[in-house]
Amino acid sequence: MNSLKRFLREPIFICLAIGLLLFLLDRWLDSGDAKTITLSKEEVEGIAARWFDQMGREPLPAELAGLIEERAQEEMLLREAQHLGLADADVIVQRRLIQKLRFLVEDSAVVEPASIASLESYFDMNRAQYGQAATISFTHRFWSSDSIDDDTDWNRLLDRLNSADDDELIGSAFMLGKDFVAVPLQRVADDFGRAFATEIFQLDADGEWTGPLTSHYGVHLVRVERVTPAHDVDFDSVVDKVRSDFDLVRREEAFREYLDEIEEQYTVVLP
C-alpha cells in the first residue's frame with residue numbers, strides 16, 4: 001500500500017495523469033481552434049502551486065486532475081458565454097474589464113520601487129500636507145439668532161459662566177455638542193464658519209469665558225482650553241505615507257498617459 005502511495009506521488013505518474021486528462025479533453029472537444037483548450041505547462045504548474053499555497057502540500061494526481069478539469073470547464077463556459085454574446089451588453093462585465101485594464105496599466109507604473117531621492121523631492125513639494133495642523137480645544141455655550149436681541153447682556157452672561165458651577169444650564173442645546181478637543185482649524189471652519197474659526201484661534205487659552213463670537217448658527221460664548229500651533233514633520237517620520245501618496249500619483253499618471261495614447265488611435269462618431 002505504501003509503495004502504491006509513493007508511486008502515485010512520483011513525477012512520472014503525475015505527468016502521465018496530466019497527459020491522459022489532456023488527451024481525453026482533446027478527444028471530448030471538437031477539433032477546431034474555438035473548441036480546443038490548450039493548457040500550457042506553466043498553467044498546470046501554476047494550478048499546482050496555488051493548491052500548495054492553500055493546502056501546504058503538493059496535490060495528489062487525482063486532485064491535480066480535478067483541478068485541471070475545473071480550469072478547463074471554466075474556459076469552456078467562458079467561450080460559450082462569449083459565443084452567445086452574453087457580455088456584449090452587460091454593463092457590469094464591461095466595467096469589470098475596464099477596471100482590470102486600468103489596474104494592469106497602473107500596476108506597471110509601480111513595479112520598480114520609487115527611489116528615496118524621488119520621495120524626498122515629492123515630500124519637499126508637498127510638505128504642507130504632511131505637517132501637523134494647528135488644533136484647538138474649547139467649549140462653548142450657544143444662542144440661536146432668534147433667541148437674542150439688542151438687550152442681551154453678554155457681560156452678565158460671561159460673569160455667570162466664569163463664576164457659576166451650573167454653567168451647563170446657560171445657553172441652548174447645540175447639534176454638534178458643546179466640547180471640542182484638539183480639532184484642526186479646517187474642521188472648526190467647516191462646522192462654524194471661517195470667520196468664527198479665525199477669531200477663536202486668536203483667543204488666549206486661559207480657561208476664561210469670552211465672546212460673543214458669531215457662527216453660521218447664531219452666537220457663542222467660548223472658553224479656550226488649549227491651542228497647539230502648527231508644526232512641520234521630518235521626512236523619516238512620514239516616509240511610508242509619502243511613498244503611498246507618490247505611488248498613487250505614479251499610477252494616475254501612467255493611466256492618463258495610456259489613455260492619451262489610445263485616444264489617438266480611435267475616432268469617436270456622434271449621432
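1. Four strands form an open sheet in the order 2-1-4-3, with antiparallel pairing. Strands here are DSSP E runs of at least two residues and helices are H or I runs of at least four, numbered from the N terminus; two strands pair if DSSP finds at least two bridges between them. The edges are strand 2 and strand 3 (209-214), each pairing on one side only. From one strand to the next, the twist averages 40°.

2. A word on the source: this is a predicted model, in which local features need pLDDT of at least 70 and side-chain atom pairs count only at pLDDT 80 or more, while totals for chains, interfaces and linings use all residues. Residues are numbered from 1 along each chain as its sequence is written, and side-chain values use heavy atoms, with hydrogens and water left out.

3. Do look at the pairing of strand 1 with strand 4, which is antiparallel over 10 bridges. Arg141 stands opposite Leu221 of strand 4, and Thr135 has Thr228 of strand 4 as its bridge partner. Strand 3 and strand 4 also pair in the antiparallel sense, over four bridges, and a hairpin of three residues joins them. Thr214 stands opposite Val219 in strand 4.

4. Helix 9 lies across strand 1, strand 2 and strand 4, running at about 125° to strand 2. Such angles run from 0 to 180 degrees between N-to-C directions, with axes fitted to C-alpha atoms (for helices, over the stretch in contact).

5. What does the largest nonpolar core look like? It has 17 residues, and those with the most contacts inside it are Ile136, Phe138, Val188, Phe192, Phe196 and Ile200. Strand 1 (135-144), strand 2 (179-184), helix 9 (185-192), helix 10 (194-200) and strand 4 (218-228) each supply at least two of its residues. A nonpolar core is a set of buried Ala, Val, Leu, Ile, Met, Phe, Trp, Tyr and Cys residues joined through side-chain atoms within 4.5 Å; buried means under 20% relative accessible area (1.4 Å probe, protein chains only).

6. A second, separate core of 10 residues includes Leu119, Phe235, Val239 and Val242.

7. Finally, helix 3 (residues 41-55) and helix 4 (residues 61-83) pack at about 120°, with axes 10 Å apart. Among the contact residues are Trp51 of helix 3 and Arg71 of helix 4.

Conventions
Buried means under 20% relative accessible area, exposed over 50%, partly exposed in between (1.4 Å probe, protein chains only). Contact means heavy atoms within 4.5 Å.
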